[in-house]
Amino acid sequence: MENNIQEVLISQAQIEERVSQLARELSREYAGKNPVFVGVLKGVVMFFADMVKHITVPCQIDFMCISSYSGTESTGTAVVKKDVSVDLKGRHVVILEDIFDTGTSLDFTYRYLLSKEPASLKICTFLDKPSRRKPEITLKPDYVGYEIPNAFVVGYGLDYNEYYRNLPYIGILKPEVYENAE
């Protein structure tokens, strides 16, 4: 599996340090607000678990599953596969996301959760890839772990056809792994 990694973009130590920093920022901002952290499955699992372990304020957690990818490409259409179970009306909500890429999924998720009438709604994404953002997506993340170049990345929850999620770092997948496979 590791033989298919072109290079390690973000090490495990860098991930741990940045997640801790983000959690401190969120804990300060949401002190006394009883926030709900909503994770967008599946890629967010590792980031989500690490984040909430470091959050120091009372909070609730929930998950939803949105699908818009096939292989390495976004299909352009988002679908809710699993909805949140917590009532978000009047609550302070933070979407935790693994990667903000084209923006299709996150824009859909944001608008969908906004329709549930939260008191506030913010986005915390571990990775931001603005070079791939669709021009019509004007949404901006409120918190970003790392801005990354336009490369196909895996690890720390991110996958290629459901593999590589368990790598403890963010790595660039060798193009030959996916170019001839699709």
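Does Lys89 count as buried or exposed, and at what relative accessibility? Lys89 counts as exposed, at 54% relative accessibility. That is a handy way into this structure, which is a predicted model. The points below go from its nonpolar cores to a few single residues and then to its salt bridges.

**Nonpolar cores**

- The largest nonpolar core has 28 residues, and those touching the most other members are Leu26, Phe47, Met51, Leu96, Cys124, Leu127 and Ile170.
- Two or more residues of this core come from each of H1, H2, strand S5 (92–100), strand S6 (120–128) and strand S9 (170–173).
- H1 gives the largest share of this core, with 5 residues.
- There is also a second, separate core of 18 residues, and Val40, Leu88, Leu106 and Ile123 are included in it.

**One side of helix H2**

- Helix H2 (residues 45–54) has Phe47, Phe48 and Met51 as its buried residues.
- These residues sit on the same side of H2, because the arc they cover around the axis is only 95°.

- Ser27 belongs to helix H1 (residues 12–29). Ser27 is buried because its relative accessible area of 7% falls under 20%.
- Beyond its neighbours within four places in sequence, Ser27 has contacts with His54, Ile55, Thr56 and Val57.
- Ala78 is found in strand S4 (residues 73–82) and is buried, with a relative accessible area of 16%. Between Ala78 and Thr109 the C-alpha distance is 8.4 Å, with 31 residues separating them in sequence.
- Leu41 is part of strand S2 (residues 36–41). With a relative accessible area of 25%, Leu41 is partly exposed.
- Setting aside neighbours within four places in sequence, Leu41 is in contact with Phe63, Met64, Cys65, Ile66 and Lys82.
- From Leu41 to Tyr169, 128 residues apart along the chain, the C-alpha atoms are 18 Å apart.

**Salt bridges**

- Side chains of opposite charge can pair when their charged atoms come close. In this model the count is 13 salt bridges.
- One of them joins Glu162 to Lys42, with 3.2 Å between the closest N and O atoms. This pair links distant parts of the chain, 120 residues apart: Glu162 is in the loop between strand S8 (153–154) and S9, and Lys42 is in the loop between S2 and H2.
- Asp62 and Lys82 form another salt bridge, at 3.9 Å from N to O. Asp62 is in strand S3 (residues 60–70) and Lys82 in strand S4, so this bridge ties together parts 20 residues apart in sequence.
- Asp62 is buried, with a relative accessible area of 5%, whereas Lys82 is partly exposed at 34%.
- The exposed Lys89 has a salt bridge with Glu117, where the closest N and O atoms are 3.4 Å apart. Distant parts of the chain are linked here, 28 residues apart: Lys89 lies in the loop between S4 and S5, and Glu117 in the loop between helix H3 (104–114) and S6.
- Glu117 is partly exposed, with a relative accessible area of 47%.

Notes
Residues are numbered from 1 along each chain as its sequence is written. This is a predicted model: local features need pLDDT of at least 70, side-chain atom pairs count only at pLDDT 80 or more; totals for chains, interfaces and linings use all residues. Side-chain values use heavy atoms; hydrogens and water are left out. Helices (H or I, at least four residues) and strands (E, at least two) are DSSP runs, numbered from the N terminus. Buried means under 20% relative accessible area, exposed over 50%, partly exposed in between (1.4 Å probe, protein chains only). Contact means heavy atoms within 4.5 Å. The arc is that of the directions from the helix axis to the C-beta atoms. A nonpolar core is a set of buried Ala, Val, Leu, Ile, Met, Phe, Trp, Tyr and Cys residues joined through side-chain atoms within 4.5 Å. A salt bridge is a side-chain nitrogen of Lys or Arg within 4 Å of a carboxyl oxygen of Asp or Glu.
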